[in-house]
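Please read it alongside the sequence and the coordinates.

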Amino acid sequence: DAQRVQHELPMAVVDALRKTRRPGRVERRRPRVLGKRRKRERRLRGGEQLLEMLAQGEIDLFLSRQTPLSLDIGYMCEPYGEMSMRAVASPTHSLSRRRHVTLNRLAQESFILQRKGSIGRSLINSFFTSRNLFIKVCMEFESLEAVKAAVRENFGISILNEPSIISEVSTRGLKILRVPELKISYPLFIFYGRNKRLSLAARNFLTFLRLKSSVQKATVKHER
């Protein structure tokens with residue numbers, strides 16, 4: 001167990017522990033270090049914390065739905081595009097055999113969603129409430145992977161963003177339901193440091209994001 005915990009620690013902490021290792025003391029110190037790291041991870045989930053990490057140089061860039069607050073605090077922001085959400089179900093679900101599903105019929109199903117307060121959950125609730133429709137949530141999870149697993153087992157349906165379901169749809173673990181009236185999307189922005197020189201990997205990734213964003217915009221314009 002001590003070796004397993006040791007591998008989870010940053011190398012700098014491991015080296016420090018090795019230098020000061022004393023019988024009966026190492027095991028008492030490690031859980032506190034891990035506990036602090038877990039608390040920090042929970043604290044750094046929101047967009048504001050990511051901006052703080054960006055300002056401190058801990059990360060190079062990130063994608064976020066958060067609307068730019070101010071460009072005077074050390075970061076730059078570019079619009080990336082729209083993130084669309086799709087209704088999904090198990091291939092064995094009765095709705096999966098239909099060519100089209102109405103919004104009213106979709107609202108009659110049991111939904112599996114992420115916890116309250118998440119981006120997707122808020123958008124879904126607002127979308128249906130604005131149309132005087134109320135959905136029944138039979139399960140909710142913290143993890144997106146748990147949501148997809150429950151949908152695959154046919155415990156209910158869900159509405160998820162497209163990139164998160166590409167793998168499951170390609171392997172036929174999930175089926176996208178065709179609901180013409182379901183139009184839920186949200187903007188994404190690319191954030192990166194204003195005065196920080198990006199690493200080669202970060203520059204290449206930023207170039208990739210810009211190229212993909214321009215292709216998406218061209219596609220949308222052509223469809224219109």
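How many salt bridges does the count come to by the rule used here? The count comes to 7 salt bridges, each being a side-chain nitrogen of Lys or Arg within 4 Å of a carboxyl oxygen of Asp or Glu. The model is predicted, so local features need pLDDT of at least 70 and side-chain atom pairs count only at pLDDT 80 or more, while totals for chains, interfaces and linings use all residues. Residues are numbered from 1 along each chain as its sequence is written, and side-chain values use heavy atoms, with hydrogens and water left out.

**Salt bridges**

- Arg210 and Glu78 form a salt bridge, with N to O at 2.6 Å.
- Arg210 lies in helix 9 and Glu78 in strand 2, so this pair ties together parts 132 residues apart in sequence; helices (H or I, at least four residues) and strands (E, at least two) are DSSP runs numbered from the N terminus.
- Glu78 is buried at 19% relative accessibility, where buried means under 20% relative accessible area, exposed over 50% and partly exposed in between (1.4 Å probe, protein chains only).
- Lys148 and Glu145 form a salt bridge, their closest N and O atoms 3.1 Å apart.
- Lys148 is buried at 3%, whereas Glu145 is partly exposed at 47%.
- Glu145, Lys148 and Glu168 are linked in a salt-bridge network.

**Strand pairing**

- Strand 3 (residues 110–114) and strand 4 (residues 136–141) run parallel and are joined by 5 bridges; pairing requires at least two bridges found by DSSP.
- Ser110 stands opposite Lys136 in strand 4.
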